[in-house]
Amino acid sequence: MCTILDMTTSANTSLPVFANEPFCDFSDAKIAQQMREAIQHAESRLTAEKYPLVLNGEEKTTKTEIVSVNPARPSQTIGVYASADASHVPSAVASASKAFASWSAQSTEKRADLLLRAASLLRERKMEFNAWLVLEAGKNWGEADADTAEAIDFLEYYALQAIQLAHAKPSIQYPGEENQLVYLPLGVGAVLPPWNFPLAIMAGMTCAAIVMGNTVVLKPSPLTPTIALRFVELLLECGLPEGVVTLCQGGPEFGDALVGHPEVQFIAFTGSKKVGLHIHAKAAQTQPGQRGIKRTILELGGKDGIIVDADADLESAANGVVASAFGFNGQKCSACSRVIVDQSVHDEFVEMLKTRVAALAQGDPVENFATGPVANDAAYDRVLGYIQDGATRGTIVAGGHAKTKPEDGYYIEPTVITGLTSSDRLCQEEIFGPVLTVIAAKDFDDALRIANDTEYGLTGAIYSSSEEKLHRAAREFHVGNLYFNRKCTGAMVGAHPFGGFKMSGTDSKAGGPDYLHLFSQAKSIARKLA
Ligand SMILES: NC(=O)c1ccc[n+]([C@@H]2O[C@H](COP(=O)([O-])OP(=O)(O)OC[C@H]3O[C@@H](n4cnc5c(N)ncnc54)[C@H](O)[C@@H]3O)[C@@H](O)[C@H]2O)c1
Ligand SMILES: N[C@@H](CCC=O)C(=O)O
């Protein structure tokens with residue numbers, strides 16, 4: 001055994017085996033009642049008081065504020081937050097930097113233990129977090145619960161992975177030497193999560209970074225500040241030392257300045273292609289005083305396609321496409337927004353989609369409807385704009401309208417559009433809403449061509465009973481997460497490491513065995529033996 005540098009305090013032989021957190025069964029009346037009570041309790045905690053920006057234990061004044069509202073009922077304020085701007089970046093980074101010396105010197109076991117304790121507390125308080133996801137992100141109960149379960153999974157998975165990595169040894173000992181490879185933290189990082197998985201992705205990126213000994217400045221999405229605040233409070237309750245996660249609610253201005261700060265060594269970003277590419281470019285500009293090349297971990301948008309082959313089980317395909325396209329109202333990077341159907345079954349398949357879409361009940365997530373509102377007024381206008389534009393060249397066969405005026409909630413009907421070709425902007429640009437385009441393919445070769453005819457490469461699926469076609473898709477369908485005969489959403493930590501090709505990101509594979517490497521630098525140490 002190598003003894004040059006003892007990175008850990010105990011052996012990893014008794015590590016628990018990772019298992020995904022089970023989802024709640026809301027058809028059980030008792031569990032449904034717990035969920036209702038949690039929502040009522042969360043609503044009773046809403047306050048008009050502003051949450052301050054606190055840096056290094058000091059309250060800071062801010063010029064602007066963030067007002068987070070319920071997208072199902074925009075008149076309901078969920079939280080008001082002091083909003084950090086560029087002037088607050090130096091103190092935020094100083095807070096993280098100060099904490100780095102002691103946090104990075106902790107054993108991996110100690111850091112992992114914090115994540116494991118946070119996972120258990122989150123499990124205990126699952127309904128409370130589900131309730132915030134319903135109220136602030138507009139998720140129905142099942143989607144909220146999946147977000148919370150994924151957060152628990154990330155915490156436990158990364159805790160176990162970190163311990164394994166701390167014990168990883170190079171397999172080859174050079175003759176006459178003792179050789180070791182150790183994984184060290186990078187330093188201070190910026191964590192910039194999106195609004196749509198405001199618990200799982202925010203917690204996953206943050207905790208992957210800190211379990212490796214880094215400290216971070218976390219700037220959540222301005223649409224979902226409360227969920228991040230509640231999670232950081234939970235970490236503090238579990239013993240998170242001050243400064244290891246410096247929470248700053250803020251908008252793009254703060255995020256932008258944070259990315260450019262010379263002491264920020266890495267940026268973990270999940271969000272849109274536009275912002276991700278901007279961050280990529282900004283991080284590449286060396287700042288005066290900068291001592292390292294900034295690392296960017298970028299997980300971006302998608303334009304995900306599902307191929308429905310002529311020999312597919314069409315019932316199963318229609319169910320999978322509807323779940324992938326309209327789950328959480330299409331607001332997933334993994335959502336199916338293009339279904340590519342063999343022309344011989346196209347019309348039959350469209351009829352099956354129409355029946356299923358008509359059966360989707362839409363309403364307030366508090367009441368757990370199948371579909372709900374989109375994120376905010378900007379999303380409402382953007383999605384309606386795409387639908388109106390699509391109607392001029394294609395045929396709307398389901399939905400096609402706003403269901404409410406924006407002041408009554410940002411509801412847009414689940415919409416299916418046929419008759420467009422792959423090059424149409426509706427089949428190329430990420431809409432990020434409940435809009436599905438159906439594209440007819442001449443044959444399987446054509447279907448594969450269309451599936452790859454996008455700058456994105458995140459998820460994809462194929463429904464076919466032909467082994468040969470599935471094998472071809474495995475080789476030729478160019479996406480980071482490919483699924484056979486099932487929906488293209490709902491990646492499970494450990495089973496489906498998640499990350500995209502092409503403009504969908506740097507393929508970081510969150511929830512996979514290589515993810516933590518991205519938050520560390522490996523040091524090779526060799527000692528000459530006497
Ligand atoms: N690939 C994935 O794993 C994945 C997962 C979830 C969401 N997404 C994508 O995220 C997008 C939806 O999320 P969103 O609307 O919150 O994305 P977004 O790009 O608008 O914002 C993401 C985060 O970046 C911050 N930000 C915005 N401008 C910034 C700047 N100039 N500098 C630094 N930070 C800045 C935002 O405040 C937010 O915290 C979709 O495109 C979706 O596909 C991808
Ligand atoms: N990991 C999620 C998508 C995250 C993006 O929005 C899924 O697999 O559906």
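Thr270 touches Leu192, Pro193, Pro194, Ile201, Met205 and Glu299, when residues up to four places away in sequence are not counted, and contact here means heavy atoms within 4.5 Å. This is a predicted model, in which local features need pLDDT of at least 70 and side-chain atom pairs count only at pLDDT 80 or more, while totals for chains, interfaces and linings use all residues. Residues are numbered from 1 along each chain as its sequence is written, chains are lettered from A and ligands numbered from 1 in the order in which they are written, and side-chain values use heavy atoms, with hydrogens and water left out.

Thr270 belongs to strand S10, which covers residues 264-270; helices (H or I, at least four residues) and strands (E, at least two) are DSSP runs, numbered from the N terminus. With a relative accessible area of 14%, Thr270 is buried, a word that stands for under 20% relative accessible area, whereas exposed stands for over 50% and partly exposed for what lies in between (1.4 Å probe, protein chains only).

**The two domains**

The domain assignment gives domain 1 (31-300 + 508-528) and domain 2 (304-492), with bounds that come from an automatic or database domain assignment. Between the C-alpha centres of domain 1 and domain 2 there are 31 Å, and the contact takes 23 residues from domain 1 and 29 residues from domain 2.

The size of an interface is often given as the accessible area lost when the parts come together. For domain 1 and domain 2 the buried area is about 2,100 Å², and carbon and sulfur atoms give 57% of that area; buried area is the accessible area (1.4 Å probe) that two parts lose on being put together, summed over both. Pro71, Ala72 and Trp195 supply 22% of the area that domain 1 buries against domain 2, which is more than any other three residues.

Between domain 1 and domain 2 there are 12 residue pairs in polar contact, both residues being at pLDDT 80 or more. A polar contact is a pair of N or O atoms within 3.5 Å; within protein, one must be able to donate a hydrogen and the other to accept it, and residues adjacent in sequence count only if both atoms are side-chain atoms. On the side of domain 1 that touches domain 2, the elements that give two or more residues are strand S5 (73-83), helix H4 (126-137) and helix H5 (141-166), and the largest share, 5 residues, comes from H5. The residues of this side divide into 12 nonpolar, 4 polar and 7 charged, where Ala, Val, Leu, Ile, Met, Phe, Trp, Tyr, Cys and Pro count as nonpolar, Asp, Glu, Lys and Arg as charged, and the others, Gly among them, as polar.

**Salt bridges**

Side chains of opposite charge can pair when their charged atoms come close. By the rule used here, a salt bridge is a side-chain nitrogen of Lys or Arg within 4 Å of a carboxyl oxygen of Asp or Glu, and the count comes to 30 salt bridges, while across the interface of domain 1 and domain 2 the rule finds 3. The table gives some examples.

| Salt bridge | N to O distance |
|---|---|
| Lys139 and Asp147 | 2.9 Å |
| Lys273 and Glu455 | 2.7 Å |
| Lys509 and Asp507 | 2.4 Å |

Lys139 counts as buried at 0% relative accessibility, and Asp147 counts as buried at 0% as well. Glu455 forms its salt bridge with Lys273; Glu455 lies in the loop between helix H13 (444-452) and strand S17 (456-457) and Lys273 in helix H9 (residues 273-283), so the pair ties together parts that are 182 residues apart in sequence. Glu455 counts as partly exposed, at 34% relative accessibility, and Lys273 counts as partly exposed at 21%.

Ser68 is part of strand S4 (residues 64-70) and, at 1% relative accessibility, counts as buried. The side chains of Ser68 and Glu136 are joined by a polar contact of 2.5 Å, and the residues in contact with Ser68, its neighbours within four places in sequence left aside, include Gln76, Pro222 and Pro225.

Gln249 sits in the loop between strand S9 (245-247) and helix H8 (252-260) and is buried, with a relative accessible area of 6%. A polar atom of the side chain of Gln249 lies 3.1 Å from the backbone oxygen of Pro225, and among the residues in contact with Gln249, apart from neighbours within four places in sequence, are Ile66, Tyr81 and Leu229.
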